[in-house]
Amino acid sequence: MTELWRPVVGFEESHEVSDRGDVRSLERTFLRRHNKSKRLVEYTYLGAPLRQWIGTETGYPMVDLRFNGACVKRAVHALVLEAFVCARPSKNHVACHSDGSRTNNSLTNLRWDTYEGNEADKLRHDTHVRGERNGIAKLTREDVRAIRASDELQQTLANRYGVTQVCISRIKLRKVWAWLDQEAA
C-alpha cells in the first residue's frame, strides 16, 4: 500500500506528514543575509525525513518543525490526526492510540477521543500508571491487601509501611487503590 502524504497544518509550505507517521521537510528556497557581506543570498534547503525523538515528559514520538528561523516541537500523532482527520475537536479531546502503543502513529491506529475514552483505553491495554507502576509508590498490591485485612491500629500500620496514618485511613476507606477490589473480582 502506498504511503500517503499531506501538508502539516500550520507548516504547509515546509513540512509533510504521512499516514504511517513519518514526517519530512520539503525543498524550499529562501533569501538570507550573508554573514560577512551582509548581502541577500538565495539559499536552497533540500527536503529530508525528520528525525523523531521520544519526549522525556510524555513518552511520545516528537519532531522539531523548523521554518523561518523558528523551531516548534510537536507530537507526531497530533500531526497525523490534524492532517488526515481534522483539527482537535475541543480542549476535552486528545489523540488516542487504539492499540495502546505510543509509538504506533499510523492513521489506522489513531483517533480523537475524550480524556475519559483515553483512560478507558489505558485500562483495556494495561498501560495505565497506578499502584506500584507509579514512580513514587511506597506500597505494593500485597501491602494494600494486608493493610485492609489487618485489625491493627492505623498508626502502627503507618509506621510499619513507612507511610502516614492518613494514607492508611484512605486505603481502608477505599479512597485510594479502589481499583484493586475490581481487579480481584
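Strand E7 (residues 61–67) has 5 of its 7 residues buried, so the strand is largely enclosed by the rest of the structure. Buried here means under 20% relative accessible area; exposed means over 50%, and partly exposed lies in between (1.4 Å probe, protein chains only). Strands (E, at least two residues) and helices (H or I, at least four) are DSSP runs, numbered from the N terminus. The model is a predicted one, in which local features need pLDDT of at least 70, side-chain atom pairs count only at pLDDT 80 or more, and totals for chains, interfaces and linings use all residues. Residues are numbered from 1 along each chain as its sequence is written, and side-chain values use heavy atoms, with hydrogens and water left out.

E7 pairs with strand E6 (residues 53–54) in the antiparallel sense, over 2 bridges. Pairing requires that DSSP finds at least two bridges between two strands. Ile-54 has Pro-61 of E7 as its bridge partner. The hairpin of E6 and E7 has 6 residues between the strands, and Gly-59 takes a positive phi near 80°.

E7 also runs antiparallel to strand E8 (residues 70–75), joined to it by 6 bridges. Leu-65 stands opposite Val-72 in E8. This second hairpin, of E7 and E8, has 2 residues between the strands. Asn-68, in the turn, has a positive phi of about 50°.

His-77 lies in helix H1 (residues 76–84). With a relative accessibility of 9%, His-77 counts as buried. Contacts are heavy atoms within 4.5 Å. Leaving aside residues up to four places away in sequence, His-77 touches Tyr-60, Ala-95, His-97, Asn-105 and Leu-110.

The protein as a whole holds 6 helices and 10 strands. Its radius of gyration is 25 Å, well over the 16 Å that the globule rule gives for 185 residues, so the protein is more spread out than a compact globule. That radius is taken over C-alpha atoms, and the rule is 2.2 Å times the number of residues to the power 0.38. The C-alpha trace spans about 80 × 45 × 25 Å along its principal axes. Of the 185 residues, 32% are buried. Among contacts between residues at least 6 apart in sequence, 39% join residues at least 24 apart.
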